[in-house]
Amino acid sequence: MPGCAEAGQQVMRENADMEPAALLAAFRDAVARRDGRAFAALFTDDGVYHDVFYGEFRGPDGLVAMIEDVFYRTAEDFRWDFHDPVSDGRTLYARYTFSYRSTLPEAKGARAMFEGVAIMRLRDGLIADYREVAETGPAFVDLGFAPERIAKILARQGAALKARGEMKRHLG
């Protein structure tokens, strides 16, 4: 998106000293407002968001697209709450509850609900890397997904886990 990086830089400078609670509130609110620029401004220039469903999004333009297009393509009315945040200034962990109303035909307007843990690597008070561990299974049932589709999604999540370097020791 033209101008996204420049606009985001100003907001990032203003956000660089955010406390964890303020960072999490800004994160939550940007998603709920479908405000990709405000969301991207919470990340470093080279920031990466690893989404449990959609994969990896990099940099300001990728983060804006994730919020404004990908997330809202098949969902609406996002609600994201963070609980019990803990940070040492380099890493921020927070348990979360998250939901959205699905617009997929098979979901029939159901609200998909998740619980998880957000793991954010911080640099200069901004998010450099976002990962999550999420309980996704119950949401797939709520959305009316066929068992075969659920198995395919969970297999893809398992393959992604096994592909991570930190899992190498566990594979043999």
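These notebook entries record what I looked up in a predicted model of a protein.

**Basis.** I worked with a predicted model in which local features need pLDDT of at least 70 and side-chain atom pairs count only at pLDDT 80 or more, while totals for chains, interfaces and linings use all residues. Residues are numbered from 1 along each chain as its sequence is written, and side-chain values use heavy atoms, with hydrogens and water left out.

**Overall fold.** I noted seven helices and six strands, taken as DSSP runs (helices H or I of at least four residues, strands E of at least two, numbered from the N terminus). Along the sequence I read the pattern α-α-α-β-β-α-β-β-β-β-α-α-α. The C-alpha atoms fill a box of roughly 45 × 40 × 30 Å along the principal axes. I then checked the radius of gyration, taken over C-alpha atoms, against the globule rule of 2.2 Å times the number of residues to the power 0.38. The protein has 16 Å, which agrees with the value near 16 Å for a compact globule of 172 residues.

Among contacts (heavy atoms within 4.5 Å) with a separation of 6 or more, residues 24 or more positions apart account for 56%.

**Nonpolar core.** I took a core as a set of buried Ala, Val, Leu, Ile, Met, Phe, Trp, Tyr and Cys residues joined through side-chain atoms within 4.5 Å. The largest one holds 42 residues, and Phe-27, Phe-39, Tyr-49, Trp-80, Met-120 and Tyr-130 touch the most other members. Helix H4 (residues 59-73) gives the largest share of this core, seven residues. Leaving aside neighbours within four places in sequence, I listed the contacts of Trp-80, including Phe-27, Tyr-49, Phe-71, Tyr-130 and Glu-132.

**Asp-51.** I located Asp-51 in strand S1 (residues 43-51). Asp-51 is buried yet has no salt bridge, and the nearest side chain of opposite charge, Arg-156, is 7.8 Å away. A salt bridge here requires a side-chain nitrogen of Lys or Arg within 4 Å of a carboxyl oxygen of Asp or Glu. The side chain of Asp-51 does reach the backbone nitrogen of Phe-53 at 2.9 Å. Beyond four places in sequence, I found Asp-51 in contact with Phe-57, Phe-71 and Glu-132.

**Gly-55.** I found Gly-55 in strand S2 (residues 55-58). Gly-55 counts as partly exposed because its relative accessibility is 28%. Leaving aside neighbours within four places, Gly-55 is in contact with Tyr-49 and His-50.

Key. Buried < 20%, exposed > 50% of the residue type's maximum accessible area, 1.4 Å probe, protein only. Lys, Arg positive; Asp, Glu negative; His and termini not counted. Polar contact = N/O pair within 3.5 Å; in protein donor to acceptor, adjacent residues only side chain to side chain.
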